[in-house]
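Biologist: I would like to learn how to read charged pairs and helix faces from a set of coordinates. Could we work through one case together?

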Amino acid sequence: MPKIAIYKYLVFYIVAYDLKELYHLHVIKTRKGYGNADKIWMDPVEVFDRGDLTNKELLLVLKLIENNEAAIKNQIAKFAKGEKIKPVQLY
């Protein structure tokens, strides 16, 4: 599960076998350990499956994805090509 991006205590990652699906991310909180991830579609940016994020955290995640969409998609594309990636820091 390569990490695509990080924002404070939120980790945005993909699952390698999911690359055949439309671009999407899984997001988890690191401060409570790994729990149920939220699944977010990228185009359009919307929640597909709810996990352990609160409503406030989920709104933040959606905003972060929208504001950093190009960088996130670039990371996913690099990974899909077999390139090694480091998670980008989101602001």
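Biologist: Is Lys-73 buried, partly exposed or exposed, and what is its relative accessible area?

Modeller: Bear in mind that this is a predicted model. Lys-73 has a relative accessible area of 24% and is therefore partly exposed, since buried means under 20%. Glu-69 also counts as partly exposed, at 23% relative accessibility.

Biologist: How do the side chains of Lys-73 and Glu-69 meet?

Modeller: The general idea is that side chains of opposite charge can pair when their charged atoms come close. Here Lys-73 and Glu-69 form a salt bridge, with 3.1 Å from N to O. Both residues belong to helix α2 (residues 69–80), where being 4 residues apart means that about one helical turn separates them.

Biologist: How many salt bridges does the structure hold, and which parts does the pair of Glu-57 and Lys-29 tie together?

Modeller: There are 3 salt bridges in the structure. In one of them, Glu-57 pairs with Lys-29, and the closest N and O atoms are 3.1 Å apart. Because Glu-57 lies in helix α1 (residues 55–67) and Lys-29 in strand β3 (residues 24–29), this pair ties together parts that are 28 residues apart in sequence. Glu-57 and Lys-29 are both buried.

Biologist: What should I read from the salt bridge between Arg-50 and Asp-38?

Modeller: Start with the distance, which is 3.5 Å from N to O. Then place the partners: Arg-50 sits in the loop between β5 (45–49) and α1, while Asp-38 sits in strand β4 (residues 38–42), so the bridge ties together parts that are 12 residues apart in sequence.

Biologist: Returning to α2, what span should its 12 residues have, and which of its residues are buried?

Modeller: At 1.5 Å a residue, the 12 residues of α2 should span 16 Å, and this agrees with its end C-alpha atoms, which are 16 Å apart. Ile-72, Gln-75 and Ile-76 are buried in this helix. Seen down the axis of α2, the buried residues fall within an arc of 95°, so they line one face of the helix.

Biologist: What do the buried residues of α2 pack against, and which residue just after α2 takes a positive phi?

Modeller: The buried residues of α2 pack against β1 (3–7), β3, β4, α1 and β6 (88–89). Just after the helix, Gly-82 takes a positive phi of about 90°.

How values were computed. Residues numbered from 1 in each chain as written. Predicted model: local features only at pLDDT ≥ 70, side-chain atom pairs only at ≥ 80, totals over all residues. Heavy atoms only, no water. Salt bridge = Lys/Arg side-chain N within 4 Å of Asp/Glu carboxyl O. Helix = DSSP H or I, 4+ residues; strand = E, 2+ residues; numbered from the N terminus. Buried < 20%, exposed > 50% of the residue type's maximum accessible area, 1.4 Å probe, protein only. Expected span 1.5 Å × (residues − 1). Arc of directions from axis to C-beta. Contact = heavy atoms within 4.5 Å.
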